[in-house]
Structures are given as structure tokens and as C-alpha cells.
Amino acid sequence: NILKTNRVGKKTDPHSSRPILVRFKKYSEKLNIVHNSNTLRNQNIFIEQPTISFEVPDLEHVLLNFYKIILRVPRSSVTAAVRGELGAFPLYIDTQTQLIKYWLRLHHLPNDRIVKKAYDVAVEQEQDWVVHIQDMLCRHGFQNVWPNPAVDAEHFGNVFKQRLKDTFVSGWRQNIRNYSKLQTYSK
């Protein structure tokens, strides 16, 4: 049995995934998923409405730690440089793109479908996720799509994803230029 010494001096089995699993469990317990429960007053029906944060900072943190392990760099390494080395984009780009595609699919359903009726009610009541979709579209320059979503879901999803990536890369480059530690990296 070959044992390796880790950074803190403890001996560990190199084939054990325990340290990563412990970290994952630690961060997954902090995920921003909060369940609010409401009871209907007139009926004895118990409805559980999950209120889910659309941001995944803790999961992103776990992923960034994994990237640093892959590159064998210290945990204190600059995130922008780690992302640049791997060409990795944040998770929100895929999740927001999937949300937009799902919204377009819902919008194009026939009116007799139950899911479409539930969507129409959500729009009327301006529920959080519908407002979040509208805000995402406006924030990224697609405010004209909200009132008239007569676009192909797959094509628009790709255009939206590319816009998110372009915005991220622009901010990433600015971040690299402004970070004094990364002056040589940015050239």
C-alpha cells in the first residue's frame, strides 16, 4: 500500500477519493436551495414550492477547487488564470441557456396543454422564475424577444449562449489586465 503525504503532512491513500468527497459534501450542504411550504386555506392540500436560487456559487466553488487540483496549483491561485488555462466557462452559462430554451419551448406549446396553462398563470402572476427569465433577456440585450418570442428555440439558445460567453470573456480579459499578479499572463 503506497501512501502519499498531502500538503498538510497527513498520509493518505492516493487512490482514495475521500478528500474530494468530503469537500463536495461540505459544499453541497450549503447549496442555495430553500424549500418554502404553503398550505392552501380552503382545502386540505399541502403544496411544497421550492424556491431555488438561480446562482450556484457553492457548486461553482467546488468546481474551481477541482480545476485547481487538476492543474496542481495552490488553492489560493487566481481563479481567472485557472479558468484561462483550462478554457473553462462558469456553470451559469449552461444553466441560463437551458432556462431560456425551456422558456421558449413552454411558450410555443399549444394552449390546450396543462403545462402551457400553468405557464400562462405564472406569467399573469409574475412569478419569480418568469421575472428572472425576462430580466436575463433584458440584461443581455434581448429585450425584444420577451414580448415576441417567435424565434427558433435551438437557434436562439445558441445565440444566447454565445452572447453569455462573449460577455464573460470580455469581463475575464478585463479582470486579467487589472490583476497585478497576472501581468505576464495577460501578454
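**Aromatic ring pairs**

Guide: Phe142, Phe156 and Phe160 are linked into a cluster by ring pairs. This is a predicted model, in which local features need pLDDT of at least 70 and side-chain atom pairs count only at pLDDT 80 or more, while totals for chains, interfaces and linings use all residues. Residues are numbered from 1 along each chain as its sequence is written, and side-chain values use heavy atoms, with hydrogens and water left out.

Visitor: How many aromatic pairs does a search of the whole structure find?

Guide: Rings of Phe, Tyr and Trp (its six-membered ring) pair if their centres lie within 6.5 Å, and planes under 30 degrees apart count as stacked, over 60 as edge-to-face and the rest as tilted. With that criterion, the number of aromatic pairs found in the whole structure is six.

Visitor: Which kind of pair do the rings of Phe89 and Phe168 form?

Guide: The ring centres of Phe89 and Phe168 are 5.8 Å apart. Because their planes stand at 65°, the pair is edge-to-face.

Visitor: Where in the chain is Phe168, the partner of Phe89?

Guide: The pair links distant parts of the chain, 79 residues apart. Phe89 is in the loop between helix H3 (79-86) and helix H4 (91-107), whereas Phe168 lies in helix H7 (residues 153-178); helices (H or I, at least four residues) are DSSP runs, numbered from the N terminus. The element that holds Phe168 is thus helix H7.

Visitor: Is Phe142 buried or exposed?

Guide: Buried means under 20% relative accessible area, exposed over 50%, and partly exposed in between (1.4 Å probe, protein chains only). Because its relative accessibility is 8%, Phe142 counts as buried.

Notes. Helix = DSSP H or I, 4+ residues; strand = E, 2+ residues; numbered from the N terminus.
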